[in-house]
Amino acid sequence: MQLPVFDVAVFLLITLGNVLFGASFFFRNKTAAQFTTGGGKLPAWVVGMSIFATFVSSISFLALPGKAYSSNWNALVFSFAIPIASILAVKFFVPLYRSMNSVSAYNFLEIRFGAWARIYASLCYILTQLMRTGAILLLLALPLNAMFGWNIKTIIVVTGIAVTLYSMLGGIQAVIWTDAIQGIILIAGALLCAGLLTFSMPEGPTQVFEIAAASNKFSLGSFGASLSESTFWVVLIYSLFINLQNFGIDQNFVQRYMTTSSTKKARFSTLFGSLLYLPVSLVFFYIGTALYAYYSAQPHMLPAELSTTGAGDKIFPFFIVNALPTGITGLLIAAIFAAGMSTVSTSVNSTATIFLSDYYKRYINHNPSEKSSMRVLHIASVIFGILGVLISLTLVGVESVLDAWWSLASIFSGGMLGLFLLAFMSKKVRNIDAAIGVVLGVVVISWMSLSPLYFTEENLLKFKSPLHSNLTIVLGTLVIFLVGFLVQKLFANQKNK
């Protein structure tokens, strides 16, 4: 796929403008608080759009239509648990972190269980974000390589440098404002694509629904009790746990709670950003279904290599490049790319923030000057940006390594959520109880995450997890919570005898 020169120019201009806009916030970052929380003065609706953008990365923008095109609307069930998780967040999590007045999501764990819990969780978070940065940079480079013919490694390096530059200069204000702008453009682009697909059907808009219904494309999945398949219930439970993790322990979210001027505004931004994802995700799934109907009615418009539903992830990019008006194509590709850059910049900013609050101030300099704090934030941003680029370069062309990285990421995140819920929901659990729970929980999560990769020989299949991979975080979190709680009860009973 080769884009017209005008589309390439639009893409380059918007991407460069995005970087310059983010870097322009350098002049507003005079203190560490301004760099990490925007001084607590950002508009609530902007923070809400930023929270929305954390749900809708550029990869989701392409992957969700791909899923709907290839199968059905089963993955849409993920959105159904978000309102439940967001209501719990505004009732419990937002006030908790605002009352502590700490930019770190892991200070709470230290208060409950000691320094080991804070180090464990923050280190897991940093490693997860480094993996995320490397994966996103690679996944951004692949479509640009296909559309422009640019070298993948060159794209990764240039993109990594650009994102690190405006993250280092602009701080959280640059991250949140660019999130908000790109979120608005992505919504507009999604609605435009949905409209064009609907009204471009040979027999009119109703043909979309006729073809989709005949192929069972609107199905939300099986409502059966199987735990080894992606049923409605498996996806719903997975979504509830993963979003409790997002709202409760993810530094990207917790840091945003601190960027507004009041708890009331933080609650509004959390509800606004999370609830906005539900209708927008519905539009994404509709686009995938409409693409299926569009190309089913006009199969001659689809090249042979994309003629099967297995090529779902490539269908929407193909439509964007070949069916949208010149200029709009470049604008939409730039918005998708900028959203990916914003995802990376969020990771860079949050990891730098964690390094300052959880390590530098905690163990190196308890009372650093503003100048020292800003220097640490800038240096940490550069280091984490470079590490993300290096990880991305090592993943080029090695798909099995990418799968292993994401398996390890699920291990880290699952352990963090279980520890947080144990700290939040049980006041009597001690340090040793929590540590035992985390060890056993991480063992379970590791087995469920890694067994599909290693237990593939026929004689080893008996060691493979029988549960669907979506249940990894669910079972691991429950093990950590229940083991920690029961060990505390056991010790308490022994003591009373």
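Hi everyone, let's start with the cysteines: there are zero disulfides in this structure. Please keep in mind that this is a predicted model. Two of the cysteines are worth a look on your screens. Cys-124 is buried, at a relative accessible area of 7%. Cys-193 is buried as well, and its relative accessibility is 0%.

Now for a pair of helices. Helix α6 covers residues 82–100, helix α11 covers residues 232–249, and the two pack with their axes 9 Å apart, at an angle of about 25°. Angles under 35 degrees count as roughly parallel, so that is the label α6 and α11 get. As for handedness, α6 and α11 make a right-handed crossing.

Which residues of α6 and α11 meet? On the α6 side we have Ile-82, Ile-84, Ala-85, Ser-86, Leu-88, Ala-89, Phe-93 and Tyr-97. On the α11 side, their partners are Ser-239, Leu-240, Asn-243, Leu-244, Phe-247, Gly-248 and Ile-249. Sorted by class, this contact between α6 and α11 counts 11 nonpolar and four polar residues, with no charged ones.

Last stop, a threonine. Thr-351 sits in helix α15, which spans residues 328–364. Is Thr-351 buried or exposed? Its relative accessible area is 2%, and the cut-off for buried is under 20%, so Thr-351 counts as buried. And what is Thr-351 in contact with, once we leave aside its neighbours within four places in sequence? The list is Tyr-125, Ile-126, Gln-129 and Phe-384.

Note on methods:
Residues are numbered from 1 along each chain as its sequence is written. This is a predicted model: local features need pLDDT of at least 70, side-chain atom pairs count only at pLDDT 80 or more; totals for chains, interfaces and linings use all residues. Side-chain values use heavy atoms; hydrogens and water are left out. Axes are lines fitted to C-alpha atoms, for helices over the stretch in contact, and angles run from 0 to 180 degrees between N-to-C directions. Helices (H or I, at least four residues) and strands (E, at least two) are DSSP runs, numbered from the N terminus. Angles under 35 degrees count as roughly parallel, over 145 as roughly antiparallel, 65 to 115 as roughly perpendicular and the rest as oblique. A crossing is left-handed if the near helix is turned anticlockwise from the far one by less than a right angle, and right-handed if clockwise. Contact means heavy atoms within 4.5 Å. Ala, Val, Leu, Ile, Met, Phe, Trp, Tyr, Cys and Pro count as nonpolar, Asp, Glu, Lys and Arg as charged, and the others, Gly among them, as polar. Buried means under 20% relative accessible area, exposed over 50%, partly exposed in between (1.4 Å probe, protein chains only). A disulfide is a pair of cysteine sulfur atoms within 2.5 Å.
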